[in-house]
Amino acid sequence: RQGRQYDHYGSRHSRHQEQPLYSIRLDSPDSSDEREDQLLNNITAVKEEIATLMARMEPGDAFDLTKKAVARNPGNADLWMFCGFLRSMRHEPDEAEQCYEKALEIQPDHVPALCNFA
């Protein structure tokens, strides 16, 4: 797990480029805070990374990243929905419900949050 490399792209179309717009190494000893800031400042990249971690069945890493992303972007309904889903996976139903409610407070028609909240 150490030294894992994360590549993030500016848009779906730029995925065909040979080089990513930037590359993040979350566990690098040098400049790790700066690199993590780069990831957290790109909301599209952070949501893609959370989804990737969830798909890889790495909910602990996904949850840690989601908590940081929600703290940085508290007005993002998608991040609150991810947080709720991950809390459900952690068998924390009350906390999951609060996250879904927050997502729906921000965006009342947020379909994934509505489905998971039901």
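Of the 25 residues that make up the largest nonpolar core, V46, I50, L65 and L79 touch the most other members, a nonpolar core being a set of buried Ala, Val, Leu, Ile, Met, Phe, Trp, Tyr and Cys residues joined through side-chain atoms within 4.5 Å. The elements that give two or more residues to this core are helix 1 (32–41), helix 2, helix 3, helix 4 (77–89) and helix 5 (93–106), and helix 4 gives the most, with seven residues. Here helices (H or I, at least four residues) and strands (E, at least two) are DSSP runs, numbered from the N terminus. The model is a predicted one, in which local features need pLDDT of at least 70 and side-chain atom pairs count only at pLDDT 80 or more, while totals for chains, interfaces and linings use all residues. Residues are numbered from 1 along each chain as its sequence is written, and side-chain values use heavy atoms, with hydrogens and water left out.

The chain has six helices and two strands, and from the N terminus on its elements run β-β-α-α-α-α-α-α. Of its 118 residues, 37% count as buried, that is, under 20% relative accessible area, with exposed meaning over 50% and partly exposed in between (1.4 Å probe, protein chains only).

The axes of helix 2 (residues 43–55) and helix 3 (residues 59–72) come within 8 Å and cross at roughly 160 degrees, where axes are lines fitted to C-alpha atoms, for helices over the stretch in contact, and angles run from 0 to 180 degrees between N-to-C directions. Helix 2 and helix 3 are therefore roughly antiparallel to each other, a term for angles over 145 degrees. The contact (heavy atoms within 4.5 Å) is made by V46, E49, I50, L53 and M54 of helix 2 and by D61, A62, L65, T66 and A69 of helix 3. These residues divide into seven nonpolar, one polar and two charged, with Ala, Val, Leu, Ile, Met, Phe, Trp, Tyr, Cys and Pro counted as nonpolar, Asp, Glu, Lys and Arg as charged, and the others, Gly among them, as polar. When residues up to four places away in sequence are not counted, L65 touches L39, L40, V46, E49, I50 and L53.

For helix 4 and helix 5, the axes likewise come within 8 Å, crossing at roughly 165 degrees, and these two helices are therefore roughly antiparallel to each other. Their contact involves residues of helix 4 including W80, M81 and F85, and residues of helix 5 including C99, Y100 and I106. By class, this contact has ten nonpolar, two polar and three charged residues.

Methods
Parallel < 35°, antiparallel > 145°, perpendicular 65-115°, else oblique.
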